[in-house]
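Subject: A structure for you to look at

Hi there,

I am passing on a structure that I have been going through, and I hope you enjoy it. Please open it first, then read my notes beside it.

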Amino acid sequence: MLVLSRKVGESVIIQGNIKVTVLEISGNQIKLGFEAPSDVLIFRQEIYEKVVSENKNALAVNRKSLKDFAKRFNVSRRTNI
Amino acid sequence: MKIKNIQFGEVEFDDEIIIQFPDGIIGFEDLRRFIIIEDKECEPFRWLICVDEPEIGFAILEPTLVVSDYYERAGFDPDVYALFTIVTLNRDVSKTSVNLKAPIVIDKSKKLGKQVILEVPEFEVVHPLFV
């Protein structure tokens, strides 16, 4: 891992077109600012990993199970309305 | 175009309905082309099927059926974008959930799709459909 020290207001440049700036430090929290082309995806790691794992869980749904579930879902919607 | 899926058999469709996902789906970055299939028997749920890997299919749902002002809270104009939430079925029905945090966003006129992660703290990745 590359380790660089930065002060508040200082930045690092990645690949010439991504800029990460340290905006604020308070206690054990650091605020980072990102400037990058819109096709660069930036996520908080723990949320990204949660979405990946949920996508894997959601993949390849069985049609019959969905059909059964849809029935129950529709009944509950009607009763709620 | 025609694809074959174990659950649907052969599905034939007009190429115009293909939605391009330049970044894929989160965790499945190589899957770039999808279609949405209506399924009368499973309404209001629909299918998001990958054209390149037809066995990969997600059940999706209009998020407004779960949160009525979802578009507004997510910050998307319903005239331009169609949003869908991915459903995770569970054998235990009470644990079946939708992913409100990371919806599928489709630019309706450009036919471009993307899964985004919303900065809306109250939307969760695992939101049970039955509370």
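How many residues does the hairpin use to join β5(B) to β6(B)? The hairpin goes through six residues. Before I go on, please keep in mind that this is a predicted model.

Let me stay with these strands of chain B for a moment. β5(B) covers residues 46-50, and four bridges join it to β6(B), with the two strands running antiparallel. If you want one pair to find on screen, look for B:R46, whose bridge partner in β6(B) is B:I60. β6(B) also pairs with β7(B), again in the antiparallel sense, over three bridges. There you can look for B:A59, which has B:V87 of β7(B) as its bridge partner. Is β6(B) enclosed or open? Four of its five residues are buried, so β6(B) is largely enclosed by the rest of the structure.

Now for chain A. It holds two helices and three strands, and their order along the sequence is β-β-β-α-α. The radius of gyration of chain A is 22 Å, while the globule rule gives 12 Å for 81 residues, so the chain is more spread out than a compact globule. Taken along the principal axes, the box that its C-alpha atoms fill is roughly 60 × 25 × 25 Å. Buried residues account for 10% of the 81 residues in chain A. Contacts within the chain are worth a look as well: of those between residues at least 6 apart in sequence, 0% join residues at least 24 apart.

Next, the place where the two chains meet. Chain A brings 24 residues to the contact and chain B brings 29 residues. On the chain A side, the elements that give two or more residues are α1 (45-58) and α2 (63-80). Which of the elements gives the largest share of that side? It is α1(A), with ten residues. Sorted by class, the chain A side has 14 nonpolar, four polar and six charged residues.

The buried residues in α1(A) are A:V51, A:E54, A:N55 and A:A58. Looking down the helix axis, you will see these buried residues within an arc of 105 degrees, so they line one face of the helix.

What covers the buried residues of α1(A)? The cover includes β6 (57-61) and β7 (81-88) of chain B, and these are the strands that pair over three bridges. Just after α1(A), have a look at A:A60, which takes a positive phi of about 55 degrees.

One last stop is B:I6, in the loop between β1 (2-5) and β2 (9-12) of chain B. Is B:I6 buried or exposed? With 11 other C-beta atoms within 10 Å, B:I6 is exposed, because a residue counts as exposed at 12 or fewer. From B:I6 to B:I17 is eleven residues in sequence and 21 Å in space, C-alpha to C-alpha.

Happy exploring, and write back with any questions!

Best wishes

How values were computed
Residues numbered from 1 in each chain as written. Chains lettered and ligands numbered in written order. Predicted model: local features only at pLDDT ≥ 70, side-chain atom pairs only at ≥ 80, totals over all residues. Contact = placed C-beta atoms within 7 Å. Nonpolar A, V, L, I, M, F, W, Y, C, P; charged D, E, K, R; others polar. Buried ≥ 20, exposed ≤ 12 C-beta atoms within 10 Å, placed from the backbone. Arc of directions from axis to C-beta. Pairing = 2+ DSSP bridges. Rg over C-alpha atoms; globule rule 2.2 N^0.38 Å.
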